[in-house]
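Dear colleague,

Please find the structure below, together with a short account of what was found in it.

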Amino acid sequence: SFTKLQQVHPGFTPRGVLTFALQLSGPQYNGPQPVLAAYRAIWDRLGALPGVRSAGGCSDLPLTDSPAWTPISIEGRTPPPGEKFINADLRVVASRYFETMEIPLVRGRRFTEQDVAGQPGVTIVDERLAREYWPDQDPVGKRLRRGGIDSTNPWLTVVGVVGRIKHESLDSDPRIAFYLPHAQVPARAMNVVVRSD
């Protein structure tokens with residue numbers, strides 16, 4: 001069993017990646033702008049270190065036993081009788097998270113510096129979510145939102161599709177997942193990832 005698990009590709013490349021949890025505490029980080037400015041400085045400083053290829057952050061790292069599911073609804077989809085919501089994993093990512101973890105971009109684009117508060121909400125979905133809810137269609141430009149069918153949360157436009165990752169364990173089938181940019185949903189706590197030579 002152990003040998004077989006070693007052959008399972010988790011959807012990212014762990015070799016050469018350092019991770020640590022970070023919590024910004026204190027009144028100087030009240031409000032989104034100080035939090036975003038602090039993390040921007042962290043990404044810049046980490047990226048400038050000798051031997052560092054890239055750095056980024058994520059709310060929930062894979063294979064760390066951190067549940068991250070939330071209900072979503074898909075625009076234009078008629079749910080089957082009795083379904084109140086779709087269960088999906090939510091991850092908030094910052095800076096060059098996808099590049100650092102080597103999670104492949106399959107279609108569309110990654111988040112950019114223009115995806116900030118005040119701009120239309122955007123999301124990146126994984127291949128399984130795209131395949132299940134927009135089969136034989138281009139998922140880029142489609143919309144989903146957090147919450148069930150009665151949700152009034154704002155719609156999020158899909159700008160990209162990335163590969164699936166093993167989030168809970170190597171021997172389980174991961175739930176569908178979507179990602180939000182940290183600049184649109186800033187939080188003090190992040191898991192930092194750094195890829196080095």
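In which helix do Tyr-39 and Trp-43 lie? Both belong to helix α2 (residues 32-47), where they are four residues apart, about one turn of the helix. Helices are DSSP runs (H or I, at least four residues) and strands are runs of E (at least two), numbered from the N terminus.

Please note that this is a predicted model, in which local features need pLDDT of at least 70 and side-chain atom pairs count only at pLDDT 80 or more, while totals for chains, interfaces and linings use all residues. Residues are numbered from 1 along each chain as its sequence is written, and side-chain values use heavy atoms, leaving out hydrogens and water.

The structure holds four aromatic pairs. Rings of Phe, Tyr and Trp (its six-membered ring) pair if their centres lie within 6.5 Å; planes under 30 degrees apart count as stacked, over 60 as edge-to-face and the rest as tilted. Tyr-39 and Trp-43 form a stacked pair, with 5.6 Å centre to centre and 25° between the planes.

Phe-98 and Phe-111 form a tilted pair, at 6.5 Å centre to centre and 45° between the planes. Phe-98 lies in helix α3 (residues 97-101) and Phe-111 in the loop between β5 (105-108) and β6 (122-126), so this pair ties together parts that are 13 residues apart in sequence. Phe-98 is buried, because its relative accessible area is 3%; Phe-111 is also buried, at 17%.

Yours sincerely

Definitions and conventions
Buried means under 20% relative accessible area, exposed over 50%, partly exposed in between (1.4 Å probe, protein chains only).
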